[in-house]
Amino acid sequence: MESVIDQACAAALYSDDDDGLDTGASLLAADPSADGELHRRGEELVRRAWARGWQPADVVRSVRRELDEAGAALAAALITAETARYGQLPPRWADQLAALPSPAPRNRPDRFTYASALLELYRLLLRLPAIEPVGPPPGTAAGDRHRPPAHGEPRMLTRIRALLAKAEATGYPEEAEALTTKAQELMARHSIDEALLAARTHSAEVPGACRIGVDAPYEDAKAILLDAVASANRCRAVWNSDLGFTTVVGFEPDLEAVELLFTSLLVQGTAAMAKAEAGQRAGGRRRTKTFRQSFLLAYAHRLGSRLAADTARVTAEAGSGGPAGEGREAAGSLLPVLAARDVAVTDAAERMFPRTTTARVRGVTDAEGWTHGTNAANRADVGRRGPEIGR
């Protein structure tokens, strides 16, 4: 005879309508003894997600997109319980777990409502597709090894974070420009130092990957911005528009730089957009959506050019033994080292994503939005190419 849990899951998880959810929730609401097994089933579904390439932040992001914040909190509780069973976790997981949404309030809704919400979440978890893994799952030999910290990483990243935080907080565009430019220079120099160190020590380090959420609205413009940041930091970015994230492939110091800079530039751009839009509304304009779309596209386009120029300048200085270099040794070895790392990143990205297409984005329809977005990018200082989309 089927258990109550089996009956509830059979009714709710394999149908697309609310009737199945109602049937399953009614069965569970009438049997409090099934609660423990119900939560164990949820943890099992979370483990299946890890096996399909998902990580904690990915799962919560998908639940939030498809359901709501309450569903994301339920997913976070399941993830927290499931990951507690491992002695160690793969790289990046600790930070993702720390950023999970707070658990649902302790005064839980009635049993039927709670069971219905859980079953709806389980239905979504069951249907998560397999995606390209960006690291080993927990519970495996590779997943239980902690990544050793990169050479010089803590102090450099702390300094970069501080510069970007000041750039986000200042009310003076010229100061934000100087701070963001300095942060990108430090990232480029740190990347060069890491590359030279790896070459001298014959490091076996290979490119890795991480996923960064690209959320609505205006996700195409945000994906273009992330693509520009990734390219400037010697990484490749592939956008999955259906699942709402971009996979960035590169060496570990460069991946960290991309995450930091993209997040900061998005904060700066959003603040500048809100300020410009307020000025437009004060003048009687009401084309808010087209203004924002055009603003962010211009912001991404202009920043791509500026970031690429900054990185090229720092690399040229290092290659000539200038401020970012290490004298003649660096000047003679830098370009072959960077070229080899670029090839390694490209090869890794093509293995992960053998088929990609170039995205078409909606054309700019608001000249004022484009002008304001370009000006904001100039202040941020860090032709338009669409991001790659994985298939």
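Biologist: Why is Asp-68 called partly exposed?

Modeller: Asp-68 has a relative accessible area of 42%. Buried means under 20%, exposed means over 50%, and partly exposed is in between (1.4 Å probe, protein chains only). The 42% of Asp-68 falls between those cut-offs, so Asp-68 is partly exposed.

Biologist: What kind of model is this?

Modeller: This is a predicted model: local features need pLDDT of at least 70, side-chain atom pairs count only at pLDDT 80 or more, and totals for chains, interfaces and linings use all residues. Residues are numbered from 1 along each chain as its sequence is written, and side-chain values use heavy atoms, with hydrogens and water left out.

Biologist: Where does Asp-68 lie?

Modeller: Asp-68 sits in the loop between α4 (56–66) and α5 (69–83). Helices (H or I, at least four residues) and strands (E, at least two) are DSSP runs, numbered from the N terminus. The chain has 14 helices and five strands.

Biologist: Which residues gather in the patch of negative charge on the surface?

Modeller: They are Asp-17, Asp-18, Asp-19, Asp-22, Asp-68 and Glu-120. Helix α2 (residues 18–29) gives the largest share, three residues.

Biologist: Is Arg-61 buried or exposed?

Modeller: Arg-61 is buried, because its relative accessible area is 11%. Arg-61 is in helix α4. Along the chain, Arg-61 and Phe-245 are 184 residues apart, yet 8.9 Å separates their C-alpha atoms.

Biologist: How much of the chain is buried?

Modeller: Of the 391 residues in the chain, 47% are buried.

Biologist: Which residues touch the most other members of the largest nonpolar core?

Modeller: Ile-160, Leu-225, Val-229, Val-248, Val-258 and Leu-265 do, in a core of 44 residues. Elements that each supply at least two residues include α8 (153–169), β1 (208–213) and α11 (252–282). The largest share, ten residues, is from α11. A nonpolar core is a set of buried Ala, Val, Leu, Ile, Met, Phe, Trp, Tyr and Cys residues joined through side-chain atoms within 4.5 Å.

Biologist: Why do Arg-48 and Glu-44 count as a salt bridge?

Modeller: A salt bridge is a side-chain nitrogen of Lys or Arg within 4 Å of a carboxyl oxygen of Asp or Glu. The closest N and O atoms of Arg-48 and Glu-44 are 3.0 Å apart, so the pair qualifies. Both residues lie in helix α3 (residues 35–51), four residues apart, about one turn of the helix. Arg-48 is partly exposed at 35%, and Glu-44 is partly exposed at 30%.

Biologist: How many salt bridges does this rule give?

Modeller: The count is 15 salt bridges. In one of them, Arg-313 meets Glu-185 at 2.8 Å, N to O.

Biologist: What makes that pair a tie between parts of the chain?

Modeller: Arg-313 is in helix α12 and Glu-185 is in helix α9, so the pair ties together parts that are 128 residues apart in sequence. Arg-313 is partly exposed at 32%, whereas Glu-185 is buried at 12%.

Biologist: How do you know that Asp-342 and Arg-234 form a salt bridge?

Modeller: Their N to O distance is 3.9 Å, which is within 4 Å, so they count. Asp-342 lies in helix α13 (residues 327–352) and Arg-234 in the loop between α10 and β2, so this pair ties together parts that are 108 residues apart in sequence. Phi of Arg-234 is near 60°, a positive value in a residue other than glycine.

Biologist: Why is His-202 called exposed?

Modeller: His-202 has 70% relative accessibility, over the 50% cut-off, so His-202 counts as exposed. His-202 lies in the loop between α9 and β1, and its phi is near 55°.

Note on methods. Patches are made of residues with over 30% relative accessible area and no salt bridge: like charges are joined within 9 Å, nonpolar side chains (Val, Leu, Ile, Met, Phe, Trp, Tyr) within 5 Å. Accessible areas come from the Shrake-Rupley method with a 1.4 Å probe; for residues, only the protein chains shown count as cover. Lys and Arg count as positive and Asp and Glu as negative; His and the chain ends are not counted. The place of a charge is taken as NZ of Lys, CZ of Arg, CG of Asp or CD of Glu.
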